[in-house]
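I opened this entry to record what I looked up in one model. The notes go from the fold to the core and then to the charged pairs.

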Amino acid sequence: MAGSVNKVILIGNVGADPEIRRTQDGRPIANLRIATSESWRDRNSGERREKTEWHNVVVFNEGLCKVVEQYVKKGAKLYIEGALQTRKWQDQNGNDRYSTEIVLQGFNSTLTMLDGRGGGEGQGMGGGGAGYGGGRGGSSGGGEFGGGYEDYDRPQQGSGRGSQPAASGGFARDLDDDIPF
């Protein structure tokens, strides 16, 4: 079917330390359990309610697996972009079972650490096989691991119209007034 999209975006907390396994040829595979929660106030009782959903995340990307292995621990807050996949397997009794997982594989997967639990600022790693890019740290000390923007942290050059050097994060302090909106 043309024009379809399979993309999952999650922001949640890691429920247990990641499990790292290796294939027969030595490539790593990381398994994570991510919890997302929503809360609301019950209209009838006025009580605060909360619902937590658990998501299985599998990382096949070798660069991201290294990051998960070194920096991601139980309780870490992560931003995840991946694809939804359902796989079929058989249990010990020979019954068909199904597991739906968020898979981070290839160039279109992203993992961003949103808190500084992994020892402060993260170090950037590229997503797919396209090399390693610069880390993108937020104000909370996290870093992005995915996509890989090589020149993201490099200051922007002035346009010759009196623009200032780039502020932290690679953005100029003054905004261009010629934007037509």
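**Fold and chain totals**

I read the elements from the N terminus on, and the protein chain runs β-β-β-β-α-β-β-β-β. That makes one helix and eight strands. I note here that the model is predicted.

I then looked up burial for the chain. Of its 181 residues, 32% are buried. The protein chain exposes about 12,200 Å², and 45% of that comes from carbon and sulfur atoms.

I also checked how far apart in sequence the contacts reach. Taking contacts between residues at least 6 apart in sequence, I find that 49% join residues at least 24 apart.

**Nonpolar core**

Which residues of the largest nonpolar core touch the most other members? I list Val57, Val59, Leu78, Ile80, Leu104 and Leu111, out of 21 residues in this core. I next asked which elements supply at least two residues each. They are the strands β1 (8–14), β3 (28–41), β4 (48–59), β5 (77–90), β6 (96–104) and β7 (110–113), together with the helix α1 (62–71). The largest share, five residues, comes from α1.

I took Val59 for a closer look. Leaving out residues up to four places away in sequence, I find Val59 touching Pro28, Ile29, Ala30, Leu32, Leu64, Cys65 and Leu104. Of these partners, Pro28, Ile29, Ala30 and Leu32 fall in the range of β3. Leu64 and Cys65 fall in the range of α1, and Leu104 in that of β6. Val59 itself lies in the range of β4.

**Salt bridges**

How many salt bridges are there by the distance rule? The count comes to eight. I wrote down three of them.

Asp25 pairs with Arg27, and their closest N and O atoms are 3.1 Å apart. Is Asp25 buried or exposed? Asp25 has a relative accessible area of 54%, so Asp25 counts as exposed. Arg27 has 46% and is therefore partly exposed. The cut-off between the two classes is 50%.

Asp42 forms a salt bridge with Arg49, with 3.5 Å between the closest N and O atoms. Arg49 is partly exposed, at a relative accessible area of 35%.

Arg97 forms a salt bridge with Asp91, and here the closest N and O atoms are 4.0 Å apart. The rule asks for a distance within 4 Å. Arg97 is partly exposed, at 41% relative accessibility.

Note on methods:
Residues are numbered from 1 along each chain as its sequence is written. This is a predicted model: local features need pLDDT of at least 70, side-chain atom pairs count only at pLDDT 80 or more; totals for chains, interfaces and linings use all residues. Side-chain values use heavy atoms; hydrogens and water are left out. A nonpolar core is a set of buried Ala, Val, Leu, Ile, Met, Phe, Trp, Tyr and Cys residues joined through side-chain atoms within 4.5 Å. Buried means under 20% relative accessible area, exposed over 50%, partly exposed in between (1.4 Å probe, protein chains only). Helices (H or I, at least four residues) and strands (E, at least two) are DSSP runs, numbered from the N terminus. Contact means heavy atoms within 4.5 Å. Accessible areas come from the Shrake-Rupley method with a 1.4 Å probe; for residues, only the protein chains shown count as cover. A salt bridge is a side-chain nitrogen of Lys or Arg within 4 Å of a carboxyl oxygen of Asp or Glu.
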